[in-house]
Amino acid sequence: MARKRILAIASGGGHFVQLLRLRPAWDGHDVTYATVHAASAVDVAPAPLLTFRDVSRADWWRLPLTLWDALRILAKVRPQVIVTTGALPPLVVLTLARGLGIRTLWVDSIANSEVLSGSGRHAGKVATAVVTQWPQLAEPGVDHWGSVL
């Protein structure tokens, strides 16, 4: 398999923990991580880590800053593949990536056992593939490949 440039991106907390659980999936590729906490660099070393400003529905007015960060990350990494476990800032990155023809994977958080997350529902419109960690949430356009925990 040809070596790919992968951007692994997630918001902080449980989203980033779940992303790190997927690390074996990109062994042998050039991976850059992105999250909200610079201190997470120790978790991904020696891979590079970029940061972005977090945003949510509660503070949506910060979205332009996150959009700027997303553009900066995409320009720097020039990924061929993007994998994310959420939330809103990675959704912004996936939205931009769609226009660039980058293949993307949204893995909805395991915290959402009854319905897809709000960002996960929107990811179906922009991501190449969307997966849920709960079999009962699989539906056309949302696959279940298992759980990261």
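Arg62 and Asp59 form a salt bridge, with their closest N and O atoms 3.7 Å apart. A salt bridge here is a side-chain nitrogen of Lys or Arg within 4 Å of a carboxyl oxygen of Asp or Glu, and by this rule the count comes to four. The model is predicted, so to speak of local features a pLDDT of at least 70 is needed and side-chain atom pairs count only at pLDDT 80 or more, while totals for chains, interfaces and linings use all residues. Residues are numbered from 1 along each chain as its sequence is written, and side-chain values use heavy atoms, with hydrogens and water left out.

**Salt bridges**

- Arg62 is partly exposed at 29% relative accessibility; buried means under 20% relative accessible area, exposed means over 50%, and partly exposed lies in between (1.4 Å probe, protein chains only).
- Asp69 forms a salt bridge with Arg53, and their closest N and O atoms are 2.8 Å apart.
- That pair links distant parts of the chain, 16 residues apart: Asp69 is in helix H3, and Arg53 is in the loop between E3 and H3.
- The names H and E come from DSSP runs numbered from the N terminus: helices (H or I) have at least four residues and strands (E) at least two.
- Is Asp69 buried or exposed? Asp69 counts as buried, at 4% relative accessibility.
- Arg53 is partly exposed, with a relative accessible area of 34%.
- Asp69 also meets Arg72 in a salt bridge (3.6 Å, N to O).
- Asp69 and Arg72 both lie in helix H3, three residues apart, which is about one turn of the helix.
- Arg72 is partly exposed at 34% relative accessibility.
- Salt bridges that share partners join Arg53, Asp69 and Arg72 into one network.

**The sheet**

- Seven strands make an open sheet with parallel pairing, in the order E3-E2-E1-E4-E5-E6-E7.
- Strands E3 (49-51) and E7 (143-144) stand at the edges with a single partner strand each, so one side of each has no neighbour in the sheet.
- Strands of a sheet pair through backbone hydrogen bonds, either parallel or antiparallel.
- Two strands count as paired if DSSP finds at least two bridges between them.
- E6 and E7 run parallel and are joined by two bridges.
- Val131 stands opposite Asp143 in E7.
- E4 and E5 pair in the parallel sense over four bridges, and the bridge partner of Val81 in E5 is Arg103.
- Four of the five residues of E5 are buried, so E5 is largely enclosed by the rest of the structure.

**Helices and what covers them**

- The buried residues of H1 are Phe16, Gln18, Leu19 and Leu20.
- What covers these buried residues of H1 includes E1, E2, helix H2 (41-44), E3 and E4.
- In helix H5 (residues 118-126), Gly118, Ser119, Gly120, Ala123 and Val126 are buried.
- The cover over the buried residues of H5 includes helix H4 (88-100), strand E5 (103-107) and strand E6 (129-132).

- Ala8 has its place in strand E1 and is buried, with a relative accessible area of 0%.
- Which residues does Ala8 contact, leaving aside its neighbours within four places in sequence? They are Leu19, Trp26, Val31, Thr32, Tyr33, Ala34 and Val83, where contact means heavy atoms within 4.5 Å.
- Ala25 sits in the loop between helix H1 (14-21) and strand E2 (30-35), and Ala25 counts as exposed at 63% relative accessibility.
- Ala8 and Ala25 are 17 residues apart along the chain, and their C-alpha atoms are separated by 11 Å.
- Ala25 and Val81 are 56 residues apart along the chain, and 12 Å separates their C-alpha atoms.

**A nonpolar surface patch**

- Leu67, Trp68 and Leu71 make a nonpolar surface patch of about 310 Å².
- Patches are made of residues with over 30% relative accessible area and no salt bridge, joining like charges within 9 Å and nonpolar side chains (Val, Leu, Ile, Met, Phe, Trp, Tyr) within 5 Å.
- Accessible areas come from the Shrake-Rupley method with a 1.4 Å probe, and for residues only the protein chains shown count as cover.
- Trp68 lies in helix H3 (residues 63-77) and is exposed, with a relative accessible area of 55%.
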